[in-house]
Amino acid sequence: MEALSSKKKVLEQKPLSLSERLYLPAILKGMATTISHLFKRVPTVKYPEQQREFSKNWRGMHSLKRDEQGRERCTACGLCALSCPAEAITMIAAERQKGEENLYREEKYAAVYEINMLRCIFCGLCEEACPKEAIYLDGPIVPADYLRKDFIYGKDKLVEQPFHAEQAN
Amino acid sequence: MELALVIQKFILVIVIFAVSLLVAMYSTWAERKVAAFLQDRVGPNRAGPGGILQPLADGIKMFTKEEIIPLDSNKFLFIAGPSLAILTACIGSAVIPWSTPLTIGSKTIPLQVTDINVGILYIFGVVSLGVYGILIGGWASNNKYSLMGAIRAASQNISYEIAMGLSIIALLMSTGSLSLKVIVEQQSGFWAHGWFTWNAFQQPLGFLIFLVCAFAETNRTPFDLPECETELIGGYHTEYSSMKLGFYLFAEYINMFVSSAVMASLYFGGYNFPFMHHLGLDANWLSILGIVAMLLKTFFFIFLFMWVRWTVPRFRYDQLMDLGWKVLIPLSIVNIVLTGIWITVKDIYFK
Ligand code: SF4
Ligand code: SF4
């Protein structure tokens with residue numbers, strides 16, 4: 001029969017030769033291989049101290065942005081939660097009161113905004129859905145923790161730090 | 001005088017005991033490091049610089065783990081097993097000559113706990129006792145995996161002890177003594193009468209057989225069938241937890257240290273090192289350098305144990321028995337015959 005491709009390789013079953021039956025040459029060869037790895041460069045990245053370079057479109061921890069005057073941009077429209085395939089986002093909206101104009105940009109804001117980092121798949125759809133450019137996945141790797149409840153990040157961890165006082169004034 | 005001798009021996013015993021424990025401790029660290037380096041990894045590096053405190057962390061972990069004695073086990077034997085394992089592992093180092101005697105003032109202090117004239121027999125006795133720890137522990141667990149591991153350990157040790165003994169007989173024929181001290185003294189220096197003095201070069205085949213058997217006797221890969229995880233969960237120590245498990249694991253490393261030291265003294269000249277007689281040093285310095293040489297050789301063998309462990313996969317059980325009975329024993333008998341012929345020829349023609 002004609003071969004269909006040139007990839008076929010016929011294996012012969014020969015009885016072992018004396019040097020093969022002695023095991024030792026093969027073992028010595030194996031030991032030479034393993035010892036050669038002693039002098040190879042170790043590719044390990046020692047994580048917390050060293051970090052590998054992230055690509056430009058790397059998606060890490062979320063941050064809720066502020067505008068130029070340091071006000072929270074999010075208006076609690078819920079589009080991010082709606083778009084989230086993992087249903088990781090929950091929020092409770094509240095109305096902006098008089099005198100809070102310097103805190104919240106829109107008349108409605110998120111009083112509670114939580115992302116469950118164990119559910120989140122870092123797809124970035126929330127970022128895409130947001131009409132207010134309020135959420136970006138531009139943070140670092142989400143760190144490990146011991147308890148499940150500690151993975152539900154609230155506004156304390158998500159909202160970016162306000163600008164420095166002199167910048168805001 | 002008597003008291004002085006007792007104190008002197010006592011100190012020596014304590015030092016050797018401490019050193020072997022220390023070496024065993026750091027062998028566990030070294031094993032991981034070697035494994036890591038041979039596999040392009042970094043290995044433990046969190047506990048102290050370079051992971052140097054890792055053995056301590058492991059020890060604390062072992063001590064604080066829950067102690068479990070299975071209900072259906074034989075309680076006395078269950079505890080006796082690991083105790084026996086570690087005890088027999090520790091006493092093996094008593095007859096190893098660590099170096100030439102030190103002279104302090106008018107006293108000479110031999111750096112060997114005891115020079116019994118049947119030192120090799122003693123080592124054999126201790127090594128074969130060592131399997132009892134495994135056997136008893138495996139049997140007392142009342143668990144089929146443990147029992148399987150114990151049976152394997154017993155049959156493996158018996159099979160390889162024969163080959164080991166026979167390979168030693170050839171060595172004894174050429175050295176003419178059972179005392180380790182004498183055997184090491186005969187290998188003094190490195191080069192004499194146009195040939196190497198170390199026994200490894202006079203008994204290459206014997207050394208090879210002894211090396212393979214040493215791997216089998218210490219249950220190291222590729223002969224680690226008594227505890228192979230893939231088939232027997234943990235083999236004889238499946239049911240063990242806490243420090244009793246620690247003892248078993250520790251005993252393995254002490255065994256490795258002792259058998260490396262035995263191999264170094266039987267076949268690689270013990271404390272002797274090349275050009276030792278040409279340096280013009282006085283006896284005490286030679287003695288100290290001797291200790292260093294001895295330890296270096298021992299560490300090399302420990303490294304060899306690890307190197308092989310991370311290279312060669314485990315044997316199948318029938319292959320193991322094949323190798324022991326059909327290859328090593330006939331080979332060592334051939335080695336005895338060859339040695340006999342060589343000694344006769346040397347006596348007649350090279351006198
Ligand atoms: S990144 Fe994706 S999964 Fe995570 S919160 Fe945003 S939409 Fe949901
Ligand atoms: S983050 Fe954006 S999409 Fe989500 S609720 Fe706030 S404004 Fe709406």
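Helices here are DSSP runs of at least four residues and strands are runs of at least two, numbered from the N terminus. With that in hand, read chain A from the N terminus on: its elements go α-α-β-α-β-β-α-β-β-α-α. Keep in mind that this is a predicted model.

- Chain A has six helices and five strands.
- Along the principal axes, the C-alpha atoms of chain A fill a box of roughly 95 × 45 × 30 Å.
- Buried residues make up 28% of the 169 in chain A.
- Take the contacts in chain A with a separation of 6 or more: 71% of them are between residues 24 or more positions apart.

**How confident is the prediction for chain A?**
- Chain A has a mean pLDDT of 85, with 95% of its residues at 70 or more.
- Confidence is highest in helix H3 (residues 79–83) of chain A, at 92, and lowest in helix H6 (residues 165–168) of chain A, at a mean of 48.

**A lysine tucked away**
- A:Lys155 sits in helix H5 (residues 155–158) of chain A.
- A:Lys155 counts as buried because its relative accessible area is 17%, and the cut-off for buried is under 20%.
- Leaving out residues up to four places away in sequence, A:Lys155 touches A:Leu64, A:Glu72, A:Tyr104, A:Tyr109, A:Ala110, A:Ala111 and A:Tyr113.

**Around ligand 1**
- There are 13 residues around ligand 1, and those that come nearest are A:Cys84, A:Cys120, A:Cys123, A:Gly124 and A:Cys126.
- Sort the shell around ligand 1 by type and you get 11 nonpolar residues, two polar and no charged.

**The nonpolar cores**
- The largest nonpolar core has 86 residues, and B:Tyr160, B:Phe223 and B:Leu266 have the most contacts inside it.
- Helix H10 (residues 242–267) of chain B gives the most to this core, with 16 residues.
- Not counting residues up to four places away in sequence, B:Tyr160 touches several residues, including B:Val212, B:Cys213, B:Ala216, B:Phe223 and B:Leu320.
- A second, separate core has 24 residues, among them A:Ala86, A:Ile89, A:Tyr113 and A:Met117.

Note on methods: Residues numbered from 1 in each chain as written. Chains lettered and ligands numbered in written order. Predicted model: local features only at pLDDT ≥ 70, side-chain atom pairs only at ≥ 80, totals over all residues. Heavy atoms only, no water. Core = buried A, V, L, I, M, F, W, Y, C linked by side-chain atoms within 4.5 Å. Buried < 20%, exposed > 50% of the residue type's maximum accessible area, 1.4 Å probe, protein only. Contact = heavy atoms within 4.5 Å. Near = heavy atom within 4 Å. Nonpolar A, V, L, I, M, F, W, Y, C, P; charged D, E, K, R; others polar. pLDDT = per-residue confidence, 0-100.
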